[in-house]
Amino acid sequence: MDHLKKPSTALLLFFLLLLLFGAEGRRGLSYNFYQKSCPEVEDIVRLSLLPVFLSDPSSPPAFLRLFFHDCQVQGCDASILVDPDDGKTPLEMASRKNFGVRKRESIGFIKSVVEDHCPGTVSCADIIVMAARDAVALSGGPLIKVPFGRRDSSGGAGYKVADALLPPANLGVNGLLQIFSQKGMTVKEAVAIIGAHTIGITHCRNIRDRLQRLEGGGRGKGMEPGFEAFLRLSCPEGSFFSNSTFVVNDPTAFTFDNQYYSNAMRGHGILRVDSEVSSDPRTAPIVSSFAADQADFFRAFASAFVKLSTSGVLTGNQGVIRKSCNRLD
């Protein structure tokens with residue numbers, strides 16, 4: 001009809017730009033997410049971590065484990081930090097698989113510092129990722145470039161959800177590849193991400209099944225006999241339910257390096273998966289490559305870290321930005 005005019009070029013251009021910028025706002029994660037809203041946040045987190053690392057050398061692996069346990073359950077959403085309102089309802093931390101998880105209170109402290117500078121802007125989920133990323137770098141590992149923009153969960157995950165989604169202590173290679181393929185990782189990246197075991201400790205309770213004699217005798221599969229004897233001496237019967245009995249993961253337990261893979265090849269893998277990765281035909285060549293080339297391991301680990309940190313996260317208008325990490329607003 002003559003009285004209906006076609007929209008002008010300027011009007012069409014306006015709506016096109018509106019759509020483009022609207023889509024950009026919904027994309028969520030970005031490598032410069034806080035560039036305008038809180039440009040100093042990464043420096044704040046790093047400076048807040050330094051005294052923690054200096055006073056407690058075991059902090060870096062603790063922050064890395066906190067990151068894994070948060071991100072493995074419904075994506076990196078800081079649900080692992082939530083305390084029950086009534087002090088009784090068991091939430092995520094009540095999972096038996098979260099035994100020994102530490103440094104939740106440190107994330108809360110860092111969040112309070114960030115809030116003083118940029119109130120209501122930076123999520124607890126992003127702070128967990130920053131802390132884990134810096135823990136790797138400050139331990140000698142790669143400095144990983146990670147996108148930000150995650151939102152915090154508006155509720156806490158139940159302990160049964162965590163029990164179902166966190167890998168068991170007796171995880172093997174099949175389970176390893178299945179779990180991390182769901183996060184978009186290649187076989188090489190899955191082998192790299194398990195290399196986080198290069199720092200920190202393993203609690204005796206997590207190797208109980210490996211150390212218990214099979215019916216009729218026998219030794220742990222994939223273990224060098226002398227190393228098995230060392231583990232039995234370090235974790236005697238009666239120590240499996242204590243938080244204070246553990247073995248260090250390797251001789252350089254405070255340095256993020258490729259020693260984990262050399263240990264695996266020598267039969268010094270502590271957990272079942274640590275032993276299997278060096279013998280399974282799908283993963284053994286990768287273990288050998290990482291043992292010989294630390295830079296190759298670092299590249300694959302960085303790629304795997306980013307994939308885990310971005311899988312299934314809340315962005316845009318999803319979730320919330322908590323004021324206090326352990327409380328739901």
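**Close-up views of a predicted model**

**View 1. Helices α5 and α14 are roughly antiparallel to each other (an angle over 145 degrees).** The model is predicted: local features need pLDDT of at least 70 and side-chain atom pairs pLDDT 80 or more, while totals for chains, interfaces and linings use all residues. Residues are numbered from 1 along each chain as its sequence is written, and side-chain values use heavy atoms, without hydrogens or water. The axes of α5 and α14 (residues 294-310) cross at roughly 170 degrees and come within 12 Å; axes are lines fitted to C-alpha atoms over the stretch in contact, and angles between N-to-C directions run from 0 to 180 degrees. Val129, Ala132, Arg133 and Val136 of α5 meet Phe301, Phe305 and Ser309 of α14, where contact means heavy atoms within 4.5 Å. Five of these residues are nonpolar, one is polar and one is charged (nonpolar: Ala, Val, Leu, Ile, Met, Phe, Trp, Tyr, Cys and Pro; charged: Asp, Glu, Lys and Arg; polar: the others, Gly among them).

**View 2. Helix α5 is mostly covered.** Of its 15 residues, 13 are buried; buried means under 20% relative accessible area, exposed over 50% and partly exposed in between, with a 1.4 Å probe and protein chains only. The end C-alpha atoms of α5 lie 21 Å apart, in agreement with the 21 Å that its 15 residues should span at 1.5 Å a residue; the expected span is 1.5 Å times one less than the number of residues. After α5 comes glycine 140, with a positive phi near 105 degrees.

**View 3. Phe305 is one of the residues that touch the most other members of the largest nonpolar core.** Such a core is a set of buried Ala, Val, Leu, Ile, Met, Phe, Trp, Tyr and Cys residues joined through side-chain atoms within 4.5 Å. This core holds 83 residues, and Leu64, Phe67, Leu81, Ile107 and Phe301 stand beside Phe305 in that group. Helix α5 (residues 124-138) gives the most to the core, with ten residues. Beyond four places in sequence, phenylalanine 305 contacts Leu64, Phe67, Val129, Ala132, Arg133, Ile144, Val146 and Ile193.

**View 4. The buried residues of helix α4 (residues 104-117) pack against α2 (41-55), α3 (59-71) and α5.** They are Ser106, Ile107, Ile110, Lys111, Val113, Val114 and Glu115. The 14 residues of α4 should span 20 Å, and its end C-alpha atoms are 21 Å apart, which agrees.

**View 5. Alanine 78 and lysine 103 both lie in the loop between α3 and α4.** Most residues other than glycine have a negative phi. Alanine 78 has a positive phi of about 60 degrees, and lysine 103 a positive phi of about 75 degrees. Alanine 78 counts as buried at 0% relative accessibility, as does lysine 103 at 10%.

**View 6. Alanine 190 sits in helix α8 (residues 187-193).** The residue is buried, with a relative accessible area of 2%.

Terms used:
Helix = DSSP H or I, 4+ residues; strand = E, 2+ residues; numbered from the N terminus. Parallel < 35°, antiparallel > 145°, perpendicular 65-115°, else oblique.
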